[in-house]
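Please keep the sequence and the model at hand while reading.

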Amino acid sequence: MSNGSVLVVGGGIAGVQAALDLANSGFLVHLVERTTAIGGKMSQLDKTFPTNDCSACILSPKLVECGRHFNINLLTLADLIALEGEPGSFKAVVRQRPRYIDPEKCIACGLCAEKCPKKVSNDFNMGIGERKAAYLSYPQAVPLKYALDPEHCIWINKPGRCGLCAKVCQAGAINFDETAREYILEVGSVVLAPGFSRFDPSPLDFTGYGRLPNVVTSMEFERLLSPSGPCMGHLERPSDGQEPKRIAWLQCIGSRDINRVGHPYCSSICCMFALKQAVIAKEHAHGEFESSIFYMDMRTHGKGFENYYNRAKEDGVRFHRARVHSVIPADDSGSLQLRYVDELGKVNFAEFDMVVLSTGLQVYRHTVKLAEMLGLELDADNFIKTDSFNPVATSRPGIYVCGAASEPKDIPQSVMEASAAAAEAGRIMAPARWTETSKKVYPAEMNIHAQAPRIGVFVCHCGINISSVVDVEAVAAHAKNLDGVVFSQCNLFTCSQDTINQMVSIIKEQGLNRVVVASCSPRTHEPLFQETLRDAGLNKFLFEMANIRDQNSWVHQLEPEKATAKAKDLVAMAVARVRSEGALPYNTVPVTKSALVIGGGVTGMTAALSMAEQNYPVILVEQSECLGGNGRKVYRNWKGDTFLPFINELTARVTTHPQISVKYNTEISEVTGSVGKFITTFSDGHSFEHGVAVIAVGGQAYQPEEEWQFLHGIDHRVQTLLELDQRFMEEDAGLKEVKQAVFIHCVGSRIPERPYCSRVCCTHAIDSAVKLKELNPEMDIYMLYRDIRTYGQRERLYQEARAKGIIFVCYDLDHLPHVSERDGRLLVHAHDPIIDANISIHPDLLVLATAIQPREQTGSLSKFFKCAVDSQGFLLEAHMKLRPVDFATEGVFLAGLCHYPKPMEEAIAQAKAAAARAAIILAYDAVPAESVTAVVTPAKCTGCGLCVEVCAYHAVSLDENGISVVTTSMCKGCGACVAGCRSDAVSLKNIGNEQIMAAVDAAFM
Amino acid sequence: MSETNNWEPKIIAFLCNWCSYAGADLAGVSRFQYPPNIRIVKVPCSGRVSENMIMSALKSGADGILVSGCHPGDCHYISGNYFAKRRFALLSNLLDFIGIEPGRVSFSWVSASEGEQFAEVVHSVTERVKALGPASRLVKQLDAVQAA
């Protein structure tokens, strides 16, 4: 049998997500991190696109959960140095370098760093500013333990010379004699998440980087923006500390550059990274601000990205389609002059206060060595090679990879892959689930019955997210005077591990019996703080949050006084609310260990198979009479792998798997229940009980119409990409006879009605053009495009197409191509901006790269499961960045085109991720159920039965005496019965009229 | 008179947890600015909001009330927002009868993906209440009582 432990290498967001998913589904995780703390690149970011979420704020709860997780063994300063064995039973050797500070003893007081005389460049801040040789890499570091830097520590290099830290450390944690340790770990599987490094632009002398202090990389700029960075979030340029008023971003530095850099690939994330920085920098600037982005193609191909791009344009960010020739000093003041050639071929000059280089992603050198040690194949760009149809599998069985080590990618994609890798590892180790784990035991809960309220209030600066607008000290002082409050304080980041630990001790020391945190939104952070209460021996329902960020500082940025007054009210309201709250029971519901998957395309089949292989029964529902969905209409992927053989094989595996039953020609007619136990009724009248559901209903091609019709449906020579794929699959001999072909990109995408990029069409169109060239190398092919978005390694295909002589002509919405028929021939008119002239082409094949849109039934399906859809009709995930396959509704997951257009490899990864997230529920016998339920005061009840009428869950009934009773296990806590009761006999626990009206009254005190 | 010039209304907003509260968060995340007169009270569902809560809030001194829930058909609790809508329609008659101006109490649908919409709703509710001036119908005016 397999071992029930797993090794995860790399503690960035991908490694952390994989570790959490695996640990939460019944496996013991050894998480190996190379540096002193987990968090990776994401911890260095200020904000994240496209939501402008504070990176530390959304990451921190995950890091804290990871650091405190009972079944995650965190090994920092550690490397995997050897691995032998096979899937199910590997033996890994992990070498841990000395920290020289005993983490068991270190209380992170910071005295060692304060007294340490050795200053070194601050690597966390990308070399801007200094830290000490005794250091903590960043304020929210997990584990929150200091370390000595062996390269710079005076004592370690010359024993006997310094030792100040040891003298001042009250805890006696310093240990200069610590040596490296080796651990031999037996694991069933290995997940690699070693991340990426950023290209070093020093060799590119035209950028001035290294010579001109005001030329910085995008990561350096990120630190300059960050509230925990070297200038505390007040943007200053390095040369003189002045606030820059004009900033330029240069794209593709170290990406899409074969000439000087040898990186043919696109780094995928830099366009959005630069857009975000331009938007955020403007937010930081006081008064006038000018931002310009110099780019080749704006690649905003992800969910919500195109909208972000459009908004940036509206906000005045300027865009120049140009590669900058040189950056030189403009004068002695530190300003910079850029020389570039614009689209019309004219040489231009522009002056800026600062230049940001959007440096590309690349593989760490040590990752290459690690891959060699493990015997993994690398691709031509040194990324870890993966399989087209199993995007997280490496070339060695049992070893999986996720995140940017296999191709440049953004955070949500990395998180999806992390969950997908967890699913794959879980598949191998399924029989050993819960064999190596131990269970967390909370301290006994304090009985607060009959105690007077002792409320503690914690007010968060959130870096500068709150404190730059709201006077948080004044809010904390105000809180101290509120009835029942015995303690209040401010914290830089309330969600960081040190503050969380401190909160536990404060609750105990101060004897707090209720807690209010004034910070961000309960939607993201309530679980973390509630867990903290439990760790301190308090019932987790004795807690309220005051949302003074999302609903205050962020929406009243120009009215600090009023925002402060509002924050005081919000805190008073939360205090009033918590004052009369009581402890509630932790109810649970038993989990029905089976899954429903809706949609029989590649995504749905993959999700079904992944859960079935973890030994859970699955019903797969397909509305048509065959499996395969859209995948059957597509010829091949950009790597040249054809889809049909894969889909046929997948279909065979699904239809023959003993744990999967497929229902064809079936739709959903009703869904009741919730996580743990849903009951779904199908169109054939049968119903099925399941614990979780995965929605994978796919998408559909836009049918060209109006100005985007281009004679499609009228002239047989005008076809969509899918229609052309059909001809490829049928090996249509007529294609060889085509002399001239034209492709029109973005047909129905990136327009006001559909303001998103369909992500796959550039690659698909170019691959189809290349295929046509393969069939007939003499064919003339023109691509009419807006931006070429062959992101990641798909860029190679674009290079190949140009090398083959395919001609690319850019168009914009003001100059749409025009298609007509004259004398039996097709005529395409377009404007070529490079020669600034109109061109006419007579193609005998015109191909339209049409948009992908959600299916019409997505909306009704989302209602069955109470899930949200976005403004375009795609399903809306719980969090765009960190919960890309979850819904806000528990127990329901999404994957594939119904989420957003994506290529098959990404849909497969997302399907596996959904399966992994679902397995976290299926792994348990019971899951938490609603604790906030309705309760009846029988003496007040008149037996009118209105509560019975309004309850959508049939949880309320009248007993034999005609008095209302609530069946707690069926109650969802909506409060319809409470509002409906004429005699005030029904209440909702902790959300009664008493609590709500106390909160309202507090706003007017 | 300077007091009236500086007068800023306070508006209580009862937002359902699943749609409108999330929409309000999204307004924040997207930095859509709106007037700071609003005080949000999170409730599980707009169907949790009773007539009593609205009247009590007016009595406590609220100059305006907003109740916002999921769009029709989108209710996390299946039908709560329909009850809220019906209750609100009936309550409007009562408010009218006792002399509370139309526009003091508003109802809206805002989904989790409508941050901009939420900001717009707050703008229009605030403007409406500002135009009406301070609510005094249900608030005990101690000064007046004492003067008499």
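In chain A, three strands in the order β19-β20-β21 form an open sheet with antiparallel pairing, where strands are DSSP runs (E, at least two residues) numbered from the N terminus and two strands pair if DSSP finds at least two bridges between them. This is a predicted model, in which local features need pLDDT of at least 70 and side-chain atom pairs count only at pLDDT 80 or more, while totals for chains, interfaces and linings use all residues. Residues are numbered from 1 along each chain as its sequence is written, chains are lettered from A in the order in which they are written, and side-chain values use heavy atoms, with hydrogens and water left out.

- The edge strands, each pairing on one side only, are β19 (324-329) and β21 (347-352) of chain A.
- Strand β20 (residues 336-341) of chain A is joined to the antiparallel β21(A) by 6 bridges, and Q337(A) stands opposite E351(A) in β21(A).

**The interface**
- Contact, meaning heavy atoms within 4.5 Å, links 49 residues of chain B with 54 residues of chain A.
- The rule finds 5 salt bridges across the interface of chain B and chain A, each a side-chain nitrogen of Lys or Arg within 4 Å of a carboxyl oxygen of Asp or Glu.
- R523(A) and D25(B) meet through their side chains in a salt bridge, at 3.3 Å from N to O.

Key. Helix = DSSP H or I, 4+ residues; strand = E, 2+ residues; numbered from the N terminus.
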